[in-house]
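Reader: Please take one part of this model and examine it closely, giving the cut-off behind each term. I would then like the account to continue to the ligand and to the sheet.

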Amino acid sequence: MEKVMKVALLGFGTVGKGTYRSLTVNAEEITRRTGLRIEVKKILEKKPEAINSGVAPVELFTQDYNEILNDPEIVAVAEILGGREPAATFMLQALAAGKAVVTPNKALVAARYEDFREASEKTGAPFRYEAAVGGAIPVIEVIRHSLWANHFNKIQGIVNGTTNYILTKMDEENMSYEEALRQAQAKGFAEQDPTADVEGIDTANKLCILMLEAWGVYIPPTEIPRVGISGVTKADLEAAAKDHCRIKLIAEAEMLPDGSVKCSVKPTPVPQENPLYGVRNEFNAILLRCNMADDIFLQGRGAGQDPTGSAMASDLIAVCVEKACC
Ligand code: HSE
């Protein structure tokens, strides 16, 4: 007989729906693999179009966070509200109450990592954020555990789906920057304010998290040298193509021999021989240059409902497994 673990979702926008779908579409598979039945008990959401979307039963919805926070049956909370507040307060309250927290909120994790880490350590409540970097790509898990025995010499990545989509459409279909951005917004890739995407802020947040994971070094996103893609023209793309390159918004970090870290976010001509050259549309990819394993290249969908929902659901399952065994 499987054990039932109850969780709550805070927010039911694009990623909230994807998280719910991953948990329900694959419910039997999840139970077979974990021995657990993960049940979404409550969803915090007030927007009628989300409540009535038909994706989740209306009786799951509440507008009162205390119903979730004070429910001892709920062992984990998925923060998918976005923005800074009330997301941060809700997460800290949940961790203080001993509930696990998972989030795709890269801006918040990058800005307040230490607060969440401390809160999680205090009560022992797990805190996970796989969906914050690279959408569906399990890059945090790979850096943290799968490549435990390695030192990372360098990290290079395309970690923003919106900008990669825009650059691909401009390059391959001669689409205008504005039209490509409109499409990325319509597909649910872009942030509420797409300035964060196109000016490289979102990429800097994700690079900050990658550097924390790889080296335990915290460089605030505001201190990462950053150039966005709003100044990239079709002429730039054509000139790069003549040199057998494609311009990509590249996040890069390197540990120098003196132990310091050099990092940047900027449009960069990527040569054909680099695997990042072939990463198109909303796909993301991360190239980890390791001292033992050599190069590891991870690629997958970096944005969108189901891919990001998959990473969120996997984090929820992981924390439930952790909680179920202790
Ligand atoms: N706006 C982000 C992107 C969403 O385009 O990659 C996923 O983090």
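Author: N284 belongs to strand β10, residues 283-290; strands (E, at least two residues) and helices (H or I, at least four) are DSSP runs numbered from the N terminus. The model is predicted, so local features require pLDDT of at least 70 and side-chain atom pairs count only at pLDDT 80 or more, whereas totals for chains, interfaces and linings use all residues. Residues are numbered from 1 along each chain as its sequence is written, and side-chain values use heavy atoms, with hydrogens and water left out.

The relative accessibility of N284 is 0%, and the residue is therefore classed as buried (under 20% relative accessible area; exposed is over 50% and partly exposed lies in between, with a 1.4 Å probe and protein chains only). A polar atom of the N284 side chain lies 3.5 Å from the backbone oxygen of E282. Such a polar contact is a pair of N or O atoms within 3.5 Å; within protein, one must be able to donate a hydrogen and the other to accept it, and sequence-adjacent residues count only if both are side-chain atoms. With neighbours within four places in sequence set aside, N284 is in contact (heavy atoms within 4.5 Å) with G134, I137, I158, V159, N160, G161, V279, L298, Q299, G300 and G302.

Among these contacts of N284, N160, G161 and G302 also occur in the shell around the ligand. That shell (residues with a heavy atom within 4 Å) further includes K106, T162, F189, A190, E191, D197, D202, K206 and A303. For T162, the distance from a side-chain N or O atom to an oxygen of the ligand is 2.6 Å, and for N160 a corresponding distance is 3.5 Å. On its own the ligand has 250 Å² of accessible area, of which the protein covers 93% (Shrake-Rupley method, 1.4 Å probe). Two or more residues of the shell come from each of α8 (161-173) and α11 (201-215).

The account now turns to the sheet. Six strands form an open sheet with parallel pairing, in the order β3-β2-β1-β4-β5-β6; two strands pair if DSSP finds at least two bridges between them. Its edges are β3 (61-62) and β6 (127-128), each of which pairs on one side only. Strand β1 (residues 3-10) is largely enclosed by the rest of the structure, because six of its eight residues are buried. On one side, β1 pairs in the parallel sense with β2 (residues 36-44) over eight bridges.
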